[in-house]
Amino acid sequence: MSGAAAAGRKGIGTRAAHGLLLLAFCALLFAVTRAVPEVHGGLWTITAIGFLLLAGTLTSEAIEPLGLPHLTGYLVAGIAAGPYVLRLLDEHTVKSLSPVNTLALSLIALAGGAELDLATVRREARRLAWASLVQCMLVLVLMGGLFFAARPIIPFTRSLPTTALVGVALLWGALAVTRSPSATLGILSQTRAQGPLATFTLAFVMASDVVVVVLVATAMSIARPLIDPSASFSPDAFVALGHSLFGSVALGTTLGLVIAAYLKLVNRQMLVVLLVLGFGASTVLDYLQFDALLTFMVAGFIVRNMSKQGHKFLACIEQTGNVVYVVFFATAGADLDVPLLRGLWPVALVLAGARSLVTWGGSLIAGRLSGDPPVLRRWSWSGLVSQAGLALGLSTIVAREFPSIGTPFRALAVATVAINEMVGPVLFKLALDRAGETERREAVSLASIRPGPG
Amino acid sequence: MNAVLLLTGLLVLAYLGSFLVSGRTVRGAGLPSGIEYVALGFVLGPQALDLVAGDTLASFEPVVHVALGWLAFSVGLDFGFSGERRVSAGSLVLGTLSSLLTGGAVATATWFVLRRLHVDVTPVERLLLAGGVGTACSETTRHAVRWVVDRHGASGPLAVRLDEVAHADDFLPLLAVAVLFALEPAGNVATRVPLRDWPAITVGLGLLLGGGAALLARSELRLEDTWGVLFGVTLMAVGTSARLGLSTLTAAFFAGIAVSLFSRHRRELRAMVGPTERPVLLPALLLAGARIDLHMSPALPWIAATAIGTRLVAKVIVGWMLATSSRSARKGGLLVGLSLMSSGGLAVCIGLAFALRFPGIVGDTVLAIAVLSATAGEFIGPVRLRRALRAAGEIGEAEAASPAPGRVAA
């Protein structure tokens, strides 16, 4: 039964029951946190994961009739439960969810790589090249320029000298180029969309990960002497970047080959194997300072394209799908600094809106240059609006590397990413629906399981 | 051994455990109770080689809680059924009586031994210790009979009856855990609740969460969403009950029962959850073994001997009760009740739950005796079961003479 069919069959009674259940779960958590206040530790983190899984699933079901993506429901559930709204989960608990988030991100990256088909990438190479070039350059230059021009409305930039402002604007422009692989994959996982828009967006967003990492490192090297006159341009950063990128690709390739060999020779209990990989490899990658997202993405890509095990692997990954996305996005929602967004929303809205406009313009230009079909010319920008963990991670690095502007820069980045995180998935889902690419594949439902004997 | 290495080791163990699910891949390896994994944990733990330090074990407590909760949820989902067959009302009554008689007798005997030996515990602790030992010794592992039946190709009314009784005796021990945990409420609870209400709250919590999951499963969720709901419900049951100082095992067990009762997809859910049981159980058994401290009390050998001896006598009496209601059981011989001596995963899980909730002499003693009882059951249960089935004519001579390999069972 397809998701749409199921959604269509869900009447008002079912929706009302879901609403009541959501209230009941919230009430239960509220009562327990009030009955036993101030308890921290691993067990409450576990409760938080459980609650976010349930609340995220129920909220996504509740907003489904509005045509909104499930991701939005997960985010809303996280925001509502988080430390700034209902306070069912406090800041400490939300922070303690980060290892689970790391695991979720590694699984998402594996899925992303495994979804990339080499033949498709080759076929789309010209289109991807034009789109990457135009989107990167246009967003970098125009968003950097806009940030520079918006100096009067961005408080922390007013006191900066012009050279420093150019440097900060360059960093902002580089940050604006980042996309969200997790949001793209989350939407594609929910809608099971197939078609040119889905294929293009996936390939573009995955490829842009590498581009963005290089771009941000370059921007930071150039911006450093501009922001801090005592610093000088250093090529060391590029050496470290090269080490990280090549190391990530090499390790990802090895990991991919190992997974492919396992699938061919054993092919059992992939879920446990994925957990081992997620926890074990993430720890190793952290120690080696390699890019986890890139490593897992390459591993997935290798399994898909350098072996015949790709479809088996995708089927295994899809089993983990919802749990991973709910935890990842609901945690992101709970982690959202609502007071910060409340304070910065006018500036953030201007910057986020401008980024969407520039992305739209960029897709028109790139589409014309590469001769895109009408559906891509019309909608290809929609999947590029979302930003999430990657942008936040890079903003944290920028904040750490440039302490003089770090805190307000990151705050503005968080506020802008929050808007893109909320709006982006809605736009992409809408575009996929309009392009007629959703609901072509049937989702596996509970009723399709065949119980074994005894 | 650091935490990441231990976690990886546990995941590898879970992986190996998953191969034992069907019993075909490595048939011939393992014991019905899975006690060898407890032994491995003991050897690696602080009491022997000290490869897994005490503080590392402490950092794994949340993982252990989740594992126990998931196992209890799985047991609840399967409660009242043996495979796809519903357990008969007679077996349900007999199973409940069996656990009541065995657990009650063991608890009473333990209480008297504690008093006689002047073990340095408060009256509440004595009650907790005696009750904990009683609950941990009261059940028969659900898969012990299936293990012998599968191995020796037995079939007949006695095999069915024993299998059903073993499947029906988990209810009371898990309910008793909730009652015992309520005797010493968590000190940090801000709301004042009468002691008698805590067990009801534990059960209500499980039923509420399980009922919610059943309601959600009715609305034709996608398979991935269903996993999310089952995980979510179990984690919430575990986390909220632990925060309140209640029995996580009981809350998760009743959540499983509620899902089974209220969902029309019980069979499908069971097919989903069943294969995960052993991969979760083995790491839990290993961690239980690592926590065992056999030197925590000089009275331990006496308490253990009393508990195991009383359990033995109680099981013989259960066998007589069985014989009065079943002709096939009468054919099994006078000691047919000893066929139900095997205990395993659930008993050790109860012991581990006590060790987590009441660290010190109470928890450590209950865990140690749960393990010792399962070990003793390993020597008696399968042998007596084969003998009883052979006497009842439900197993051939050739098969009965063959060695006794097996599978790990909860």
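This is a predicted model: local features need pLDDT of at least 70, side-chain atom pairs count only at pLDDT 80 or more; totals for chains, interfaces and linings use all residues.
View 1. The domain assignment divides chain A into domain 1, covering 3–96, and domain 2, covering 103–434. To the contact between them, domain 1 of chain A contributes 22 residues and domain 2 of chain A contributes 25 residues. The C-alpha centres of domain 1 of chain A and domain 2 of chain A are separated by 26 Å. Between them, the two domains of chain A bury about 2000 Å², of which 76% lies on carbon and sulfur atoms. Of the area that domain 1 of chain A buries against domain 2 of chain A, 32% comes from A:Leu71, A:Leu75 and A:Tyr84, more than from any other three residues.

**View 2. The side of domain 1 of chain A that touches domain 2 of chain A.** Between domain 1 of chain A and domain 2 of chain A, 4 residue pairs are in polar contact, counting pairs with both residues at pLDDT 80 or more. On the side of domain 1 of chain A that touches domain 2 of chain A, at least two residues are supplied by each of α3 (42–63), α4 (70–81) and α5 of chain A. Of the elements on this side of domain 1 of chain A, α4(A) gives the most, with 8 residues. By residue class, the side of domain 1 of chain A that touches domain 2 of chain A comprises 14 nonpolar, 7 polar and 1 charged.

**View 3. The salt bridge between A:Asp335 and A:Lys95.** The interface of domain 1 of chain A and domain 2 of chain A is crossed by 1 salt bridge under the rule applied. A salt bridge joins the side chains of A:Asp335 and A:Lys95, with an N to O distance of 3.2 Å. Over all chains, the structure holds 11 salt bridges. Because A:Asp335 lies in helix α15 of chain A (residues 310–335) and A:Lys95 in helix α5 of chain A, the pair ties together parts that are 240 residues apart in sequence. A:Asp335 counts as partly exposed, at 41% relative accessibility, whereas A:Lys95 counts as exposed, at 53%.

**View 4. A network of salt bridges formed by A:Glu124, A:Arg127 and A:Asp372.** These residues, A:Glu124, A:Arg127 and A:Asp372, are linked through salt bridges into a network. In one of its pairs, the side chains of A:Glu124 and A:Arg127 meet at 2.9 Å, N to O, and both A:Glu124 and A:Arg127 are buried. A:Asp372 likewise forms a salt bridge with A:Arg127, in which the closest N and O atoms are 2.6 Å apart. Since A:Asp372 is in the loop between α16 (338–370) and α17 (374–379) of chain A, while A:Arg127 is in helix α8 (residues 125–149) of chain A, this pair ties together parts that are 245 residues apart in sequence. A:Asp372 is buried, as is A:Arg127.

**View 5. A:Arg87, a loop residue with a positive phi.** Most residues other than glycine have a negative phi. At A:Arg87, however, phi is positive, near 60 degrees, in a residue other than glycine. The loop that holds A:Arg87 runs between α4 and α5 of chain A. A:Arg87 is exposed, with a relative accessible area of 58%.

**View 6. B:His118 and its setting in chain B.** Although B:His118 is not a glycine, its phi is positive, at about 55 degrees. B:His118 is found in the loop between α5 (89–116) and α6 (123–138) of chain B, and with a relative accessibility of 67% it counts as exposed. Chain B as a whole has 19 helices and 2 strands, and 63% of its 410 residues are buried. Among contacts in chain B between residues at least 6 apart in sequence, those that join residues at least 24 apart account for 84%.

Key. Residues are numbered from 1 along each chain as its sequence is written. Chains are lettered from A and ligands numbered from 1 in the order in which they are written. Side-chain values use heavy atoms; hydrogens and water are left out. Domain bounds come from an automatic or database domain assignment. Contact means heavy atoms within 4.5 Å. Buried area is the accessible area (1.4 Å probe) that two parts lose on being put together, summed over both. A salt bridge is a side-chain nitrogen of Lys or Arg within 4 Å of a carboxyl oxygen of Asp or Glu. A polar contact is a pair of N or O atoms within 3.5 Å; within protein, one must be able to donate a hydrogen and the other to accept it, and residues adjacent in sequence count only if both atoms are side-chain atoms. Helices (H or I, at least four residues) and strands (E, at least two) are DSSP runs, numbered from the N terminus. Ala, Val, Leu, Ile, Met, Phe, Trp, Tyr, Cys and Pro count as nonpolar, Asp, Glu, Lys and Arg as charged, and the others, Gly among them, as polar. Buried means under 20% relative accessible area, exposed over 50%, partly exposed in between (1.4 Å probe, protein chains only).
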